[in-house]
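Subject: Structure for you to look at, with notes

Dear colleague,

Here is the structure I promised to pass on to you. Please open it beside this message, and then read the notes below with the model in view.

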Amino acid sequence: METETTTRQLPFEFARTHRVLVDADSGGLLLGPGYSLEAALDVARQFPLTGATRWLDENSFDQQLRTEYSKCSFGCPFYWKISVDP
C-alpha cells in the first residue's frame with residue numbers, strides 16, 4: 001500500500017495566541033511562557049510529533065515563531081508535511 005503525503009497547517013494566530021508551535025526541523029513541540037495546556041494537547045493529538053518538547057523563553061519563542069512563518073514569502077501559515085496511509 002502506498003503512503004500519501006498531505007499537508008497540515010497550524011495557523012499563525014493559533015500559535016501566537018496559545019504560545020504553541022511545531023518545530024518543522026525537529027518535529028517537536030515548542031512552548032512559550034503562558035502556553036495553553038489545552039492547545040498543546042490538541043496539537044499533540046493532531047500532529048505526529050517526532051521530536052522533543054522544548055520550553056522557550058519569551059524572546060526565543062517569538063524569534064522561532066517569526067522564523068517559522070517567514071519561510072513563506074507572503075506570510076502564509078506554517079505547513080508541515082505528514083504521511084498518512086490511504
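I begin with the cap of a helix: D57 caps the N-terminal end of α3, with a side-chain oxygen that lies 3.2 Å from the backbone nitrogen of N59. This is a polar contact, a pair of N or O atoms within 3.5 Å, where within protein one must be able to donate a hydrogen and the other to accept it, and where residues adjacent in sequence count only if both atoms are side-chain atoms.

Before going further, please keep in mind that this is a predicted model, in which local features need pLDDT of at least 70 and side-chain atom pairs count only at pLDDT 80 or more, while totals for chains, interfaces and linings use all residues. Residues are numbered from 1 along each chain as its sequence is written, and side-chain values use heavy atoms, with hydrogens and water left out.

The chain as a whole

The secondary structure comes to 3 helices and 5 strands, where helices (H or I, at least four residues) and strands (E, at least two) are DSSP runs, numbered from the N terminus. Along the sequence these elements follow the pattern β-α-β-β-α-β-α-β. Of the 86 residues of the chain, 33% count as buried, a word that here means under 20% relative accessible area, whereas exposed means over 50% and partly exposed lies in between (1.4 Å probe, protein chains only). If we take the contacts (heavy atoms within 4.5 Å) between residues at least 6 apart in sequence, 65% of them join residues at least 24 apart.

The sheet and the helices on it

An open sheet is formed by 3 strands in the order β2-β3-β4, with mixed pairing; two strands pair if DSSP finds at least two bridges between them. Its edge strands are β2 (20-22) and β4 (54-55), each of which pairs on one side only. Strand β3 (residues 29-31) pairs with β4 in the parallel sense over 2 bridges, and L30 has R54 in β4 as its bridge partner.

Helix α2 (residues 37-46) packs on this sheet, where it touches β2 and β3, and its direction makes about 20° with that of β2. For such angles, axes are lines fitted to C-alpha atoms, for helices over the stretch in contact, and the angles run from 0 to 180 degrees between N-to-C directions. Helix α3 lies across β2 and β3 as well, running at about 45° to β2.

Which residues of α2 are buried? They are A39, A40 and V43. These residues cover an arc of only 100° around the axis, which puts them on the same side of α2; the arc is that of the directions from the helix axis to the C-beta atoms. The face turned away from this buried side carries the exposed residues E38 and R45.

Helix α3 in more detail

The 12 residues of α3 (residues 58-69) should span 16 Å at 1.5 Å a residue, and the end C-alpha atoms are 17 Å apart, which agrees; the expected span is 1.5 Å times one less than the number of residues. The buried residues of α3 are F61, Q64, L65, E68 and Y69. Seen down the helix axis, they fall within an arc of 120°, so they line one face of α3.

F61 counts as buried because its relative accessibility is 0%. Not counting residues up to four places away in sequence, F61 touches several others, among them A15, V20, L21 and L56. The C-alpha atoms of F61 and L30 are separated by 7.6 Å, although these residues are 31 residues apart along the chain.

R66, also found in helix α3, makes a side-chain polar contact with the side chain of Q63 (3.0 Å).

Two loop residues

R19 is found in the loop between α1 (12-18) and β2, and it counts as buried at 9% relative accessibility. The side chain of R19 reaches the backbone oxygen of R16 at 3.3 Å. Leaving aside neighbours within four places in sequence, the contacts of R19 include F14, Y35, E58, F61 and D62. Phi of R19 is near 60°, a positive value in a residue other than glycine.

S36 has its place in the loop between β3 and α2. Is S36 buried or exposed? At 17% relative accessibility, S36 counts as buried, and it touches H18 and V20, not counting residues up to four places away in sequence.
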